[in-house]
There are 2 protein chains.
Amino acid sequence: MEDIFCQVAAGKVQSDVIYKDDEVTAFRDVRPVAKTHILIIPNRHISGISEAKEPDAPLLGHMLLVAKKLAEQEGVASSGYRLVINSGPDAGQAVPHLHLHLIGGREMGWPPG
Amino acid sequence: MEDIFCQVAAGKVQSDVIYKDDEVTAFRDVRPVAKTHILIIPNRHISGISEAKEPDAPLLGHMLLVAKKLAEQEGVASSGYRLVINSGPDAGQAVPHLHLHLIGGREMGWPPG
């Protein structure tokens, strides 16, 4: 299964990649909703958080820790940021490849959508 | 440092706990923003995602996997759900103890706040 984010992770499509390691790739969302809007994805295909399994726990934790580090790099660690994972239609999951949104650089309201 | 969520994890305050293991506790948000609104917290004190460290990766991943399982239990796995972590003032982090929101049971808009 090769979706658009598999292609991003493989470097097969143009994208604004700002971080990459053996496990994850981070790149700027093409439709940003704030000054900082970055997606963190696993390099291998996981279609969503609902498909993640117990052995994926370290990878999932790593995604969150990469988001935290990128928030520092972006200068939004102190002002604040929101991390969001959408799953399924009610949440509007747009691409069938697990992705974590890092959103910061402006005040955000509640509820989160 | 004993905050209100430390007390929830320790069973020292009344709360609607729906899941508990050695690492995490999950309970219903007292101010729900959807039919399903659950908080998943680490039992030990971590003040927020910005204070999480590399050795916390498995714990962080476990929090996400518990959220996924609770979404199944709540019957929102197919309809969809949103997972949210707030960090700092711009995101409105209300309690200085890491917590993951699981929100489902209604259609959610974008952006997420």
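This is a predicted model: local features need pLDDT of at least 70, side-chain atom pairs count only at pLDDT 80 or more; totals for chains, interfaces and linings use all residues.
**Exercise 1. Work out how chain B is related to chain A.**

Start with the superposition: a rotation of 180° with 0.0 Å of shift along its axis puts chain B on chain A, at an RMSD of 0.0 Å. The two copies are thus related as by a two-fold rotation axis. Now look at the interface: 100% of the interface residues of chain B are also interface residues in chain A, so the copies meet through the same surface.

**Exercise 2. Decide whether Lys69(A) and Glu54(B) form a salt bridge, and say what the pair joins.**

The cut-off is 4 Å between a side-chain nitrogen of Lys or Arg and a carboxyl oxygen of Asp or Glu. Here the N to O distance is 2.5 Å, and a salt bridge it is. As for accessibility, Lys69(A) is partly exposed at 36%, and Glu54(B) is partly exposed at 42%.

**Exercise 3. Trace the salt bridges of Arg28 in each chain.**

Take chain A to begin with: Arg28(A) pairs with Asp16(A), their closest N and O atoms 3.8 Å apart. Arg28(A) is in strand β2 and Asp16(A) in the loop between α1 and β1, so the bridge ties together parts 12 residues apart in sequence.

Over in chain B, Glu74(B) bridges to Arg28(B) at 2.8 Å. That links helix α2 with strand β2, 46 residues apart.

How values were computed. Residues are numbered from 1 along each chain as its sequence is written. Chains are lettered from A and ligands numbered from 1 in the order in which they are written. Side-chain values use heavy atoms; hydrogens and water are left out. Copies are superposed by least squares on the C-alpha atoms of residues with pLDDT of at least 70 in both. Contact means heavy atoms within 4.5 Å. Helices (H or I, at least four residues) and strands (E, at least two) are DSSP runs, numbered from the N terminus. Buried means under 20% relative accessible area, exposed over 50%, partly exposed in between (1.4 Å probe, protein chains only).
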